[in-house]
Amino acid sequence: MEKKKDLEAPVCECKHDSSSEIKGNIPGDDELFSLGEFFKVFGEVSRLKILYLLLGRELCVCDIARGVGASVSAVSHQLKILKGARLVKFRKEGKSCFYSLSDDHISGILSLGMEHIEE
């Protein structure tokens with residue numbers, strides 16, 4: 001039978017206890033899970049293209065599809081994911097839906113991410 005491994009953290013050689021100070025910076029598991037799910041949405045190129053198209057403007061699905069070079073159906077699928085993550089919002093005008101970024105945080109996230117990868 002295999003012996004259980006010790007799950008305790010290794011003892012620090014520096015003889016001070018900062019564990020409560022360190023752990024105080026970590027959000028709870030539920031918040032971290034939600035944050036991870038939020039960032040997953042940014043992990044798909046077509047969704048990023050859609051977000052960039054919507055920077056500072058509102059577009060209908062047809063214009064978004066033309067802009068990213070995808071079908072209306074494919075774009076609608078990605079917009080559903082973006083709406084679910086609260087990254088985009090929409091308004092109806094007759095039978096048409098117009099999409100825009102939910103708030104300024106989204107453009108800030110894109111800007112900071114690009115700034116980071118270009119360093």
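Q: In the predicted model, which residue takes a positive phi in the hairpin of β2 and β3?
A: This is a predicted model. Its hairpin of β2 and β3 has 2 residues between the strands. Strand β2 and strand β3 (residues 96-101) run antiparallel and are joined by 6 bridges. The residue of the hairpin with a positive phi, near 65°, is G94.

Q: What is the bridge partner of K89 in β3?
A: K89 has its partner in β3, a strand that 6 bridges join to β2 in the antiparallel sense. The bridge partner of K89 is S100.

Q: What is the bridge partner of C60 in β3?
A: Strand β3 also pairs with β1, over 2 bridges and in the antiparallel sense. In β3, the residue bridged to C60 is F98.

Q: What is the order of the strands in the open sheet?
A: The sheet has 3 strands with antiparallel pairing. Its edge strands are β1 (59-60) and β2 (88-93), each of which pairs on one side only. Strand β3 pairs with β1 over 2 bridges and is joined to β2 by 6 bridges. The order is therefore β1-β3-β2.

Q: How many of the 6 residues of β3 are buried?
A: A residue is buried when its relative accessible area is under 20%. Strand β3 is largely enclosed by the rest of the structure, and the number of its residues that are buried is 5.

Q: Which residues of helix α4 (residues 61-68) are buried, and on how wide an arc around the axis do they lie?
A: The buried residues of α4 are V61, I64, A65 and V68. They lie on the same side of α4, because the arc they cover around the axis is only 100°. An α-helix has 3.6 residues a turn, so residues three or four places apart point the same way. For V61, I64, A65 and V68, the arc is 100°.

Q: Against which elements do the buried residues of α4 pack, and which residue follows the helix?
A: The packing partners of these buried residues are α3, β1, α5 (72-84) and β3. After α4 comes a residue whose phi is positive, near 70°, namely G69.

Q: At what angle do the axes of helix α3 (residues 45-53) and helix α6 (residues 104-117) cross?
A: Two packed helices are described by the angle between their axes and the distance between the axes. The axes of α3 and α6 come within 10 Å, and the crossing is left-handed. The angle at which they cross is roughly 120°.

Q: How many nonpolar residues does the contact of α3 with α6 have?
A: On the α3 side the contact involves L48, L51 and Y52, which meet I106, L110 and M114 in α6. By class, the contact has no polar and no charged residues, and its nonpolar residues number 6.

Q: Where is R86 placed, and is R86 buried or exposed?
A: The phi of R86 is near 60°, a positive value in a residue other than glycine. R86 is in the loop between α5 and β2. Since its relative accessibility is 66%, R86 counts as exposed.

Q: What pattern does the protein chain follow along the sequence?
A: The secondary structure comes to 6 helices and 3 strands. Of the 119 residues, 24% count as buried. Read along the sequence, the pattern is α-α-α-β-α-α-β-β-α.

How values were computed: Residues numbered from 1 in each chain as written. Predicted model: local features only at pLDDT ≥ 70, side-chain atom pairs only at ≥ 80, totals over all residues. Heavy atoms only, no water. Helix = DSSP H or I, 4+ residues; strand = E, 2+ residues; numbered from the N terminus. Axes fitted to C-alpha atoms, helices over the stretch in contact; angles between N-to-C directions. Left-handed = near helix turned anticlockwise from the far one by under 90°. Contact = heavy atoms within 4.5 Å. Nonpolar A, V, L, I, M, F, W, Y, C, P; charged D, E, K, R; others polar. Buried < 20%, exposed > 50% of the residue type's maximum accessible area, 1.4 Å probe, protein only. Arc of directions from axis to C-beta.
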